[in-house]
Every structure is written in C-alpha cells, then in structure tokens.
Amino acid sequence: RILVTGSLGQIGTELVSRLRKAYGPENVIASDIKKPSKNHFSIDGPFEYGDVTNIDTLAQLIVKHNIDTVFHLATVLSALGEKMPDVALKVNATGIQNVLELSKSHKFQVIAPSTIAAFGPQTPKEQTPDITVQRPTTIYGVTKVYTELLGEYYQKRFGVDFRSLRLPGIISSEALPGGGTTDYAIEIFYEALTKGQYTYLSEVPENRLSQRTYNITAMSFTPKELADSIRKVKMPRFSISYNPDFRQKIADTWPKSIDDSIARRDWKWRPDYALDEMVKDMFEKLEPKVKKN
Ligand code: VAH
C-alpha cells in the first residue's frame with residue numbers, strides 16, 4: 001500500500017493515476033490538505049486528509065492503511081517559499097522529519113523528491129555532478145538539502161529505504177503550476193491556446209543504488225527556445241513578450257546543465273521527451289481541455 005502526500009500538486013496529480021494503474025486503485029492512498037476536484041486523478045481511489053506537519057494524523061494514515069511506501073510530495077515550492085519562508089520551513093522541514101521519524105518505527109520506504117534548487121550560486125554551473133557544493137540561497141533549497149541529508153542519515157543510521165531524485169522544472173498537462181520558477185513553461189501553453197516517463201525509482205533493487213539522491217535531467221531550454229518550438233510544432237504565428245520577475249533571480253542561482261550519468265548507469269534512467277515532443281504532447285492534452293472550458 002502506497003501513501004502519497006501532497007497528491008493534488010503538479011507531480012501528485014499525475015503520479016497517483018500512474019501508481020493506481022500499476023498497483024490497483026485501492027492500493028494508492030492520495031492525501032492532501034485540500035479537497036480534490038473531479039479533474040484531479042484520472043483513476044478514482046481512496047483520498048484522505050493528510051497534514052504532513054502533524055505527525056499524529058500522518059501516523060494514523062500509515063497505520064490505518066498499512067502503508068509500506070510513502071511518496072512524500074507535500075512541499076512549498078521556490079517562488080512561493082520566498083513569499084512565505086516561515087510556512088515553507090514548517091511544511092518542508094517538519095514534513096520530511098515527521099515522515100522519516102514514522103518510517104523508523106512503522107518500516108516503510110520513503111521517496112521524497114529533491115530539486116536543482118538544492119544547488120546554489122557556488123555550485124559548478126555546467127554538468128553539475130551529484131556530489132558537489134550545495135549552498136542554496138532560497139528557503140526551498142535549504143529545506144531540500146535538509147531533506148536529502150536527513151533521508152540519507154536515516155538510511156545509514158536506521159536502515160530506512162530512502163530514495164530521492166533531484167528534479168528540474170516539472171511540466172505537466174494535468175495540474176496547474178504551484179509556485180515554482182518554471183510555472184511559465186506551463187502557463188505559456190494556456191496562453192498559446194486561449195490567445196493564439198515516470199521512472200519507478202522506488203522499484204529498483206536496493207543493491208543497484210550506489211547512492212540515495214540522484215540528479216536527473218531531460219531537456220533544458222530558454223523561454224525563447226520554448227516559444228520557437230511552439231511556433232515550429234503548432235503555431236507559426238505565436239508571439240511572446242518577456243517580463244522577468246523575482247523568479248529569474250532565484251533561477252540564476254541554479255545550474256545550467258546537470259550531469260545525470262550516475263542515474264543512467266545505476267538504474268538506466270533515460271528521458272522519453274525532448275523539447276519538441278514535450279510541446280506536441282502538451283498541445284495534444286491541453287487543447288481539448290481548453291476548448292471544453
Ligand atoms: C521550483 N520548479 O522552482 C521547482 C523546482 C526548478 C526547480 O524545484 O520550485
């Protein structure tokens with residue numbers, strides 16, 4: 001049985017449907033602090049209130065549903081975190097702390113995403129390796145370094161099966177963006193339409209993991225390159241204007257390219273999408289939705 005915290009977010013919305021397809025809808029418990037809408041998951045299944053800052057409600061969910069894997073996705077992202085650092089600190093740091101503490105006694109696997117925001121201005125910018133300088137300057141980044149290190153500590157010290165991927169910006173056609181720096185890369189498709197693979201890291205046998213936190217990367221683009229691809233794939237006349245805000249300064253502190261060779265070697269990570277395929281897929285999924293609304 002799997003518990004997904006923060007299941008109504010950008011990753012959760014798609015991951016829950018994928019997990020339900022793979023393991024059976026009744027075996028995947030989605031949780032969040034908000035109510036789901038009918039568009040959230042493409043496959044119905046159990047949903048529970050779950051506040052990751054409250055260890056007792058979390059413990060109840062784990063015991064009630066006999067959980068053996070937790071995908072801990074509840075988090076406050078980078079841009080929103082800078083607007084309310086106190087809330088980000090509480091949700092992100094207390095959340096992982098509670099999950100790991102419970103995994104010690106209740107024995108379950110913990111998958112918690114990390115991010116390229118766990119790097120900082122002193123990190124090498126090109127082909128950033130897994131092990132490198134990590135001195136982030138956002139509260140989100142600080143709490144994600146904490147997540148990585150605390151997870152690795154619980155793994156070594158208590159044998160908790162903790163695994164983490166450093167994700168770059170996520171682009172999803174299922175959920176609206178939620179307070180990160182790369183929200184624009186999703187918003188651009190809605191604008192274009194209205195105006196003009198999950199890798200199961202959780203299933204890799206433990207003896208193939210040479211480490212617990214892995215860099216991964218698929219594609220890297222600038223807003224201009226994204227607009228060029230929209231023109232090429234779908235809308236030759238699409239126009240774009242640039243109005244960078246405080247999120248650009250945050251993104252400037254992160255690497256430009258990521259070395260994910262260890263993930264490729266250890267558990268055969270390969271991205272399925274490059275820029276044009278992603279753009280094509282986003283239009284295919286979003287066009288019917290936008291037309292319906
Ligand atoms: C954020 N999209 O900005 C995320 C991410 C690109 C880094 O973790 O919060």
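V4 makes contacts with G12, L15, V16, V28, A30, S31, F71 and L73, leaving aside residues up to four places away in sequence; here two residues are in contact if their C-beta atoms, placed from the backbone, lie within 7 Å. The structure is a predicted model, in which local features need pLDDT of at least 70 and side-chain atom pairs count only at pLDDT 80 or more, while totals for chains, interfaces and linings use all residues. Residues are numbered from 1 along each chain as its sequence is written.

Together with I2, L3, V99 and V110, V4 is among the residues with the most contacts inside the largest nonpolar core, which has 57 residues. The largest share of this core, 6 residues, is supplied by α4. A nonpolar core is a set of buried Ala, Val, Leu, Ile, Met, Phe, Trp, Tyr and Cys residues joined through C-beta atoms within 7 Å. A residue is buried if 20 or more other C-beta atoms lie within 10 Å of its own, exposed if 12 or fewer, and partly exposed in between, with C-beta atoms placed from the backbone. Helices (H or I, at least four residues) and strands (E, at least two) are DSSP runs, numbered from the N terminus.

The pairing of V4 leads on to strand β2. A30 is the bridge partner of V4 in β2, and β1 and β2 pair in the parallel sense over 3 bridges; two strands pair if DSSP finds at least two bridges between them. Strand β2 is mostly covered, with 5 of its 5 residues buried. In a regular strand the side chains alternate between the two faces of the sheet. In β2, V28, A30 and D32 point one way and I29 and S31 the other way, and all are buried.

Helix α1 packs against this region. The buried residues of α1 lie against β1 (2-5), β2 and β4 (69-72); they are Q10, I11, G12, T13, L15, V16, S17, L19 and R20. Helix α1 (residues 10-23) has 14 residues and reaches 21 Å from its first C-alpha to its last, close to the 20 Å expected at 1.5 Å a residue. The expected span of a helix is 1.5 Å times one less than its number of residues. After α1 comes G24, with a positive phi near 95°.

The buried residues of α5 are I139, Y140, G141, V142, T143, K144, T147, E148, G151 and Y154. Their cover includes α3 (78-83), α4, β5, β6, β7 and β8. Just after α5, G159 takes a positive phi of about 75°.

Strand β7 has several partners. Strand β5 (residues 109-111) pairs with β7 (residues 162-167) in the parallel sense over 2 bridges, with V110 standing opposite F162. Strand β6 (residues 114-115) runs parallel to β7 and is joined to β7 by 2 bridges; here S114 stands opposite R166. Strand β8 (residues 213-215) pairs with β7 in the parallel sense over 3 bridges, and R166 stands opposite N215 in β8.

Some loop residues complete the picture. Most residues other than glycine have a negative phi. K107, in the loop between α4 (85-106) and β5, has a positive phi near 55°; K107 counts as partly exposed because it has 14 C-beta neighbours inside 10 Å. K268, in the loop between α9 (261-267) and α10 (275-292), likewise has a positive phi, near 60°, and counts as exposed because it has 10 C-beta neighbours inside 10 Å. I43 lies in the loop between β2 (28-32) and β3 (47-49) and is partly exposed, with 13 other C-beta atoms within 10 Å. I43 touches S17, R20, K21 and P25, not counting residues up to four places away in sequence.
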